[in-house]
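Hi everyone, thanks for coming. Please have a look at the structure on the screen, and then I'll walk you through a few places in it.

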Amino acid sequence: MNIKEYLSKQVRQAMNEAGLPLGSDVLLTQSTRPEFGHYQANGALPAAKKMKTNPRELAEAIVKQLNLENIAEKIEIAGPGFINIFLAPDWLASQCENAIKDSHLGVSRHSTPATVVVDYSAPNLAKEMHVGHLRGTIIGDAVVRVLEFMGDRVIRQNHMGDWGTQFGMLIAHLEDRLSAEQALAEVALDDLEAFYREAKVRFDDDPEFASRAREYVVKLQAGDTHCLRLWQKFIDISIKHSEAIYDKLKVTLLHAHIMPESAYNNDLPKLVAELRKQGLAITDQGAEVVFLDEFADKEGKPSPVIVQKSDGGYLYATSDLAALRYRNETLKADRVLYFVDARQSLHLQQVFTVARKAGWVRDEVSLEHLAFGTMMGEDGKPFKTRTGGTVKLAELLDEAVQRADRLVVEKNQGLSPEERQEIAKKVGIGAVKYADLSKHRTSDYMFNWDSMLSFEGNTAPYLQYAYTRIQSIFRKAGINGELPPGRITLNEEHEINLALKLLRFSETIEQVAAECTPHQLCSYLYELASLTMSFYENCPILKQDISPEIRTGRLRLCQLAARTLRTGLDLLGIDVMDKM
RNA sequence: GCGCCCGUAGCUCAAUCGGAUAGAGCAUCGGCCUUCUAAGCCGAGGGUUGCAGGUUCGAUUCCUGCCGGGCGCGCCA
């Protein structure tokens, strides 16, 4: 059950019965301090202002109507008119029992599932994936998992960049490499980054090569068989590179989710023709341009969006428009989420605006640019290698696993080589992902090996460790799977705090789904792990003088904590293990 | 020049859409291991939320101006 939602409903009803105007906000939040209870309703304050009455008296009238029998042990009015709700430990315990029985951990699903198209990852296939692709890929994947958990119908769309002008140069270079060395394309393209650099050097230094490259772009877009074959070869291998990364990262993107730019190629002429027909696009300096008054400057000069170049070529705005139309018409999206770098904000706003004006998106469809910031190095500048190059994602992840392995060895010598390797992988990859996910999406964030792998504070290893400590108790108690029969009773403060936090899983997930902010799930899990550790240290379970009733109650609480941690981390795409 | 984003403890980050005394972690200092994994737990210090105004019962949050930083703005993606 979503406690916040439930209490909101009850308070809203009480407000209506107390004669407050309909539509008054309940303003129910978690209490900011323990002495203010577990939840507080602040709605009396703004309502009293509107009604020109005394807020405290209004709060009293609301409380008189508020029925939380057997749920709240105390309801207080404090300060200028805050309503503080103290939940009853017995009720919390019974809610925990409900969550234990429920395969979905008591998390409420969306009452009406939405069709959500999620555009994320979208690497440029001309190059290898680098650190710049990490955020969009990981954050998008976490949100996708959360939305599916909430019962939405999620359609993943990997809008890979496979159709830009660089491909002329790349396939020209590939052609030469294949004929000169008779090498397999797989070998020639083993290092995509180096391959790109070689092609670029030739493009810049060799005019003959450059003109052939330009020619190949035109031929490719015109459907020339030879060029298409080379292009396909290149694309196939580049996709394999990306999929190797997805595999390492445990990202849920599959081959079937790839819907690259080239997929919309045949749509583009039709799309521009339609924009012209509607009078939205006009010819300006030889190019087809849509002028938007919505983004006009102070002098009223509208902002231009070029949909076709003067040489007849199309741009990424055009294929983004085609993709959006497809998502509306064919995929029937209710929401379209774009996990795209913050720097493309203007571009996406323009695309959204053009699509709406052209009538390609139903009014009720929600178009959301979930922008994210840049990954910074420790100097506060965009993260680069020591020599100033881009950091390959593959190498970054390998280093994470190696570093984790060294730490695992240091902390625990009693592991088999297989266990050790497995743990190092889960810890290393988990640390990298969590470091990224735990920061607010929109801000730039600082990449630092030591803090993400320090195993202290708000890190993946800390959460994983909390989980293994609980598993260790079950091992010691000889329990695997079935819990002994019994009931949770909440007496100690540590037990109550833990139970309350466990029950807030539902409202946390709901918020993450609505705002697409996985860092809120991270904060929640960290606090949960922290309370679990306190409980672990302060409430003995298997010790001699613990009564069987208390023991089974605490074991049940432990099990719910472990399941919640595991489920929460799974929604972030991070693994847990029984030992570490 | 125009537009968007950001500025919170020494450092890295939060703050549930305007709520009560702005919270964590790291670092610093002090406690706790013959007892369920000390990768841990318990405690202490640390703040004029960039600056100045404004809106109101109430502002880190909203508005205006300034300072400082990042990014974007017609033929790349």
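Predicted model: local features only at pLDDT ≥ 70, side-chain atom pairs only at ≥ 80, totals over all residues.

Let's begin with Val218, which is found in helix H9, residues 207-222. Helices here are DSSP runs of H or I with at least four residues, strands are runs of E with at least two, and both are numbered from the N terminus. Val218 counts as exposed because its relative accessibility is 58%; exposed means over 50% relative accessible area, buried under 20%, and partly exposed in between, with a 1.4 Å probe and protein chains only.

Residues are numbered from 1 along each chain as its sequence is written, chains are lettered from A and ligands numbered from 1 in the order in which they are written, and side-chain values use heavy atoms, leaving out hydrogens and water.

Next, please find helix H3, residues 55-65, where Leu58, Ala59, Ile62 and Val63 are buried. Why do they sit on the same side of H3? Because they cover an arc of only 140° around the axis, taking the directions from the helix axis to the C-beta atoms. In general, an α-helix has 3.6 residues a turn, so residues three or four places apart point the same way. On the other side of H3, Glu57 and Lys64 are exposed. The cover over the buried residues of H3 includes helix H1 (3-17), H2, strand S3 (72-78) and S4.

Two of those covering elements, S3 and S4, run antiparallel and are joined by six bridges; strands pair if DSSP finds at least two bridges between them. They form a hairpin with three residues between them, and Gly79 in the turn has a positive phi of about 55°. Across the pair, Lys74 stands opposite Phe86 in S4.

Also in strand S4 is Asn84. Is Asn84 buried or exposed? It is buried, because its relative accessible area is 2%. Leaving aside residues up to four places away in sequence, Asn84 touches Phe36, Tyr39, Gln40, Lys74, Ile75, Glu76 and Ala78, where contact means heavy atoms within 4.5 Å.

Now to the RNA. How many residues surround RNA strand B? There are 64, and the closest are His440, Tyr465, Arg469, Ser472 and Tyr536; a residue is near if one of its heavy atoms lies within 4 Å. As one example, a sugar or linking oxygen of RNA strand B is 2.8 Å from an N or O atom in the side chain of Glu537. The bases take part too: a base oxygen is 3.2 Å from a polar backbone atom of Met580.

Which helix gives the most to this surface? That is H17, with seven residues.

Helix H17 also holds Gln464, which counts as buried because its relative accessibility is 0%. Beyond its neighbours up to four places away in sequence, Gln464 touches Lys426, Val427, Ile574, Asp575, Met577 and Met580.

Technical notes. Polar contact = N/O pair within 3.5 Å; in protein donor to acceptor, adjacent residues only side chain to side chain.
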